Amino acid sequence: MAKDKKLIVANFKMNLNMHETSLYVKELADMVKVHRDVEVVLAPTTLTLQSLSLQVNHRQFKLAVQNFYWRDSGAFTGEVSAPQLRGIAQYALVGHSERRHIFHEHEKDIRAKVQAAVRNDIRPILCVGETASERAEGETHSVLHDQLIGGLINITSEDLEKVVIAYEPVWAIGTGRNAMPSDVTAAIRAIRNQIKHLYGAAHAESVQVLYGGSVKAESAADYLALSDVDGLLVGGASLDARAFTEIINKAHKAS
Ligand code: PGA
């Protein structure tokens, strides 16, 4: 996807049942205009992906899975694989802090998921970010370094073009605590520096990096105005159709 497109991702998390999701997406579809400079991605409950893939206008909305297992098939009760999602989800969240901290996903799971997504033509959105205590200890950049190395270790420079990175400071997720735009810029520069180290300057420039963490309609423009920010990952505010539409419109204006 071209860098001149802002990527706006809605993470519904474990909210809305199938019926509610369908109604919500209908409501959103009536409000959201298709802009050539904005790609809107919805990550609803996995249950609804298949029906939404028939419901949505794919120029208006792309779909993302919130989680999946990295093996292709086999005796893994309760899991969904990337090949099963192929053609239904165009994106996948990987390494979200709730997966890392609540479900104890390790770097080896995360890197296997990044690879499985890429292998199945699904663009992984690799989430990285420090906790409040890591931040207080001044460890933000080393955490980002380790999570990037951990997640991307088997990814070639050709595959990197399919990967999106989301900087999500854990202390800002779902807390209403806004990261300062200057802190976001510093963290995303550190991410691009690490990519430069691993893949070279051209990739550091071209890799898409999003910001996420308590983004609201009121704060979206401040982040989108940052030249290093290529889009937003929105949790709570994406459950309000009006607020989310406003965020999308701000991305259009920011491009
Ligand atoms: P939030 O969630 O916008 O509710 O902080 C962001 C996320 O979890 O990706």
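Predicted model: local features only at pLDDT ≥ 70, side-chain atom pairs only at ≥ 80, totals over all residues.
Trainee: Which residues come nearest to the ligand?

Mentor: K13, H96, E168, G174 and S214 come nearest, out of 14 residues around the ligand. Five residues of that shell are nonpolar, seven are polar and two are charged.

Trainee: Which part of G174 and of S214 faces a ligand oxygen, backbone or side chain?

Mentor: The backbone, in each case. A polar backbone atom of G174 is 2.6 Å from an oxygen atom of the ligand. For S214, a backbone N or O atom lies 2.7 Å from a ligand oxygen. As for cover, the ligand taken alone exposes 280 Å², and the protein buries 97% of that.

Trainee: Why is E130 said to have no salt bridge?

Mentor: Look at its nearest side chain of opposite charge. That is R135, 4.3 Å away. E130 sits in the loop between β5 (123-128) and α6 (132-136).

Trainee: Which side chains make polar contacts with the side chain of E130?

Mentor: Y167 and W171 do. The contact with Y167 is 3.0 Å. The contact with W171 is 2.9 Å.

Trainee: What does R135 pair with?

Mentor: R135 forms a salt bridge with D183. The closest N and O atoms are 3.3 Å apart, and the cut-off is 4 Å, so the pair counts. R135 is in helix α6 and D183 in helix α9, so the bridge ties together parts that are 48 residues apart in sequence.

Trainee: Why are R135 and D183 called partly exposed?

Mentor: R135 has a relative accessible area of 32%. D183 has 29%. Buried means under 20% and exposed means over 50%, so values in between are called partly exposed.

Trainee: What makes the phi of H104 worth a remark?

Mentor: Most residues other than glycine have a negative phi. Phi of H104 is near 55 degrees, a positive value in a residue that is not glycine. H104 lies in the loop between α4 (97-101) and α5 (107-119). At 54% relative accessibility, H104 counts as exposed, because the limit is over 50%.

Trainee: What is the phi of D121, and where is D121 placed?

Mentor: D121 has a positive phi of about 60 degrees, although it is not a glycine. Its place is in the loop between α5 and β5. D121 counts as exposed too, at 53% relative accessibility.

Trainee: How do you know that R86 and D121 form a salt bridge?

Mentor: Their closest N and O atoms are 2.8 Å apart. That passes the 4 Å limit, so the pair is a salt bridge. R86 lies in the loop between α3 (82-85) and β4 (91-94), D121 in the loop between α5 and β5, so the bridge ties together parts that are 35 residues apart in sequence. R86 is partly exposed, with a relative accessible area of 40%.

Trainee: Which salt bridge does R192 form, and are its partners buried or exposed?

Mentor: R192 pairs with D228, with 3.2 Å between the closest N and O atoms. This pair links distant parts of the chain: R192 is in helix α9, and D228 is in the loop between α11 (217-224) and β8 (231-234), 36 residues apart. R192 is buried, and so is D228. The two belong to a network of salt bridges that links R189, R192, D228 and D230.

Trainee: How many salt bridges does the whole structure hold?

Mentor: A search finds 13.

Trainee: Why is I173 called buried?

Mentor: Its relative accessible area is 14%. The limit for buried is under 20%, so I173 qualifies. I173 is placed in the loop between β6 (164-167) and α9 (181-199).

How values were computed: Residues numbered from 1 in each chain as written. Heavy atoms only, no water. Near = heavy atom within 4 Å. Polar contact = N/O pair within 3.5 Å; in protein donor to acceptor, adjacent residues only side chain to side chain. Areas by Shrake-Rupley, 256 points an atom, 1.4 Å probe, with all protein chains shown as cover. Nonpolar A, V, L, I, M, F, W, Y, C, P; charged D, E, K, R; others polar. Helix = DSSP H or I, 4+ residues; strand = E, 2+ residues; numbered from the N terminus. Buried < 20%, exposed > 50% of the residue type's maximum accessible area, 1.4 Å probe, protein only. Lys, Arg positive; Asp, Glu negative; His and termini not counted.
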